[in-house]
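Hi,

Here is the structure I promised to pass on.

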Amino acid sequence: MDFKRVKDYFSWLYYQYQIISCCAVLEPWERSMFNTILLTIFAMVVYTAYVFIPIHIRLAWEFFSKMCGYHSAISN
């Protein structure tokens, strides 16, 4: 794909985002506040997933490995 098609595709995606989230009808300062809040929430979700999902996977692995009688080096 050439650069113009990629640029057009991203501009189309951004336009779809504005239409779906109703950002097209907001004033510029409202749009920036909405995008800031949305980005902050998204960043918190990604951080929480990065921190807590590995812990939960390890605990689930230990639980199921003890249930099945399988002991590995991870669950000492």
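Before the details, one term: buried means under 20% relative accessible area, exposed means over 50%, and partly exposed is anything in between (1.4 Å probe, protein chains only). Bear in mind that this is a predicted model, where local features need pLDDT of at least 70, side-chain atom pairs count only at pLDDT 80 or more, and totals for chains, interfaces and linings use all residues. Residues are numbered from 1 along each chain as its sequence is written, and side-chain values use heavy atoms, with hydrogens and water left out.

Overall picture first. The protein chain has two helices and zero strands (DSSP runs, H or I of at least four residues for helices and E of at least two for strands, numbered from the N terminus). Its radius of gyration is 22 Å, well over the 11 Å that the globule rule gives for 76 residues, so the chain is more spread out than a compact globule. That radius is taken over C-alpha atoms, and the rule is 2.2 Å times the number of residues to the power 0.38. The C-alpha trace spans about 60 × 35 × 15 Å along its principal axes. Of the 76 residues, 8% count as buried. The accessible surface of the chain is about 6900 Å², with 74% of it belonging to carbon and sulfur atoms (Shrake-Rupley method, 1.4 Å probe; for residues, only the protein chains shown count as cover).

Now H1, which covers residues 3-20. This helix has 18 residues and reaches 26 Å from its first C-alpha to its last, close to the 26 Å expected at 1.5 Å a residue; the expected span is 1.5 Å times one less than the number of residues. Gln18 sits in H1 and counts as buried, at 15% relative accessibility. Leaving aside residues up to four places away in sequence, Gln18 touches Cys23, Ala24 and Arg31 (contact means heavy atoms within 4.5 Å). Just after H1, Cys22 takes a positive phi of about 60°. Val25 belongs to the loop between H1 and H2 and is exposed, at 69% relative accessibility.

On to charges. With a salt bridge taken as a side-chain nitrogen of Lys or Arg within 4 Å of a carboxyl oxygen of Asp or Glu, the count comes to two. In one, Lys4 pairs with Asp8, the closest N and O atoms being 3.4 Å apart. Both lie in H1, four residues apart, about one turn of the helix. Lys4 is exposed at 56%, while Asp8 is partly exposed at 38%. In the other, Glu62 pairs with Arg58, with the closest N and O atoms 2.9 Å apart. Those residues are four apart in H2, about one helical turn. Glu62 counts as buried at 17%, whereas Arg58 is partly exposed at 38%.

Last, the surface of H2 (residues 28-68). Trp29, Met33, Ile37, Ile41, Met44 and Val45 make a nonpolar patch of about 640 Å². Patches use residues with over 30% relative accessible area and no salt bridge, joining like charges within 9 Å and nonpolar side chains (Val, Leu, Ile, Met, Phe, Trp, Tyr) within 5 Å. Ile41, one of the patch residues, is partly exposed with a relative accessible area of 44%.

Cheers
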